[in-house]
Amino acid sequence: MREVERKTYTMKEAARILGVSWMTIRRCVQEGSFPHIRIGKRIMIPAEFVDELLEKWRKVASPSGEHREGNGAR
């Protein structure tokens, strides 16, 4: 049987992929800054959104691995 490509992630899976806490994802969903699909009590995050977010982060990262903007350094 052929494996099906994932189209959505749970909030915990999205958090693990993005390297943030589950509560961060939950806040983003509640604020409306993350698209989501509600299936019963489950909240699913589109995989395409997570992939696009990671791609944006890669584009702003410098070759040394630090972000050019918003790196939190003071």
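Thr10 is buried, with a relative accessible area of 16%, where buried means under 20% relative accessible area, exposed over 50% and partly exposed in between, computed with a 1.4 Å probe on protein chains only. The residue belongs to strand β1; strands (E, at least two residues) and helices (H or I, at least four) are DSSP runs, numbered from the N terminus. Apart from neighbours within four places in sequence, Thr10 is in contact with Arg42, Ile43 and Met44, contact being defined as heavy atoms within 4.5 Å. The model is a predicted one, in which local features need pLDDT of at least 70 and side-chain atom pairs count only at pLDDT 80 or more, while totals for chains, interfaces and linings use all residues. Residues are numbered from 1 along each chain as its sequence is written, and side-chain values use heavy atoms, with hydrogens and water left out.

The chain as a whole contains three helices and three strands. Along the sequence, these elements follow the pattern β-α-α-β-β-α. Of the 74 residues of the chain, 28% count as buried. Among contacts in the chain with a separation of 6 or more, 41% are between residues 24 or more positions apart.

The strands may be considered next. Strands of a sheet pair through backbone hydrogen bonds, either parallel or antiparallel. Here the three strands form an open sheet in the order β1-β3-β2, with antiparallel pairing; two strands count as paired if DSSP finds at least two bridges between them. β1 and β2 are the edge strands, each pairing on one side only. On average, neighbouring strands of this sheet are turned by 40° against each other, direction ignored.

Strand β1 (residues 8-10) pairs with β3 over three bridges in the antiparallel sense, and within this pairing Tyr9 stands opposite Ile45 of β3. Strand β2 (residues 37-39) is likewise joined to β3 by three bridges, and the two run antiparallel. In that pairing Arg38 stands opposite Ile43, and Ile39 has Arg42 as its bridge partner in β3. The hairpin of β2 and β3 has two residues between the strands, and Gly40 takes a positive phi near 60° there. Strand β3 (residues 42-46) has four of its five residues buried, so it is largely enclosed by the rest of the structure.

After α1 comes Gly19, whose phi is positive, near 75°.

Two packed helices are described by the angle between their axes and the distance between the axes. Axes are lines fitted to C-alpha atoms, for helices over the stretch in contact, and angles run from 0 to 180 degrees between N-to-C directions. α1 and α2 pack at an angle of about 115°, with their axes 8 Å apart. The two helices are therefore roughly perpendicular to each other, since angles under 35 degrees count as roughly parallel, over 145 as roughly antiparallel, 65 to 115 as roughly perpendicular and the rest as oblique. In this contact, Met11, Lys12, Ala14, Ala15 and Leu18 of α1 meet Trp22, Ile25, Arg26 and Val29 of α2. By class, the contact of α1 with α2 has seven nonpolar, no polar and two charged residues; Ala, Val, Leu, Ile, Met, Phe, Trp, Tyr, Cys and Pro count as nonpolar, Asp, Glu, Lys and Arg as charged, and the others, Gly among them, as polar.

Ile25 lies in helix α2 and, at 1% relative accessibility, counts as buried. Its C-alpha atom is separated by 7.5 Å from that of Ala14, eleven residues apart along the chain. Neighbours within four places in sequence aside, Ile25 is in contact with Met11, Ala14, Ala15, Leu18, Val20, Phe34 and Ile45.

The axes of helix α1 (residues 11-18) and helix α3 (residues 47-60) come within 11 Å and cross at roughly 15°. α1 and α3 are therefore roughly parallel to each other. Ala14, Ile17 and Leu18 of α1 make this contact with Val50, Leu53, Leu54 and Trp57 of α3. By class, the contact of α1 with α3 has seven nonpolar, no polar and no charged residues.
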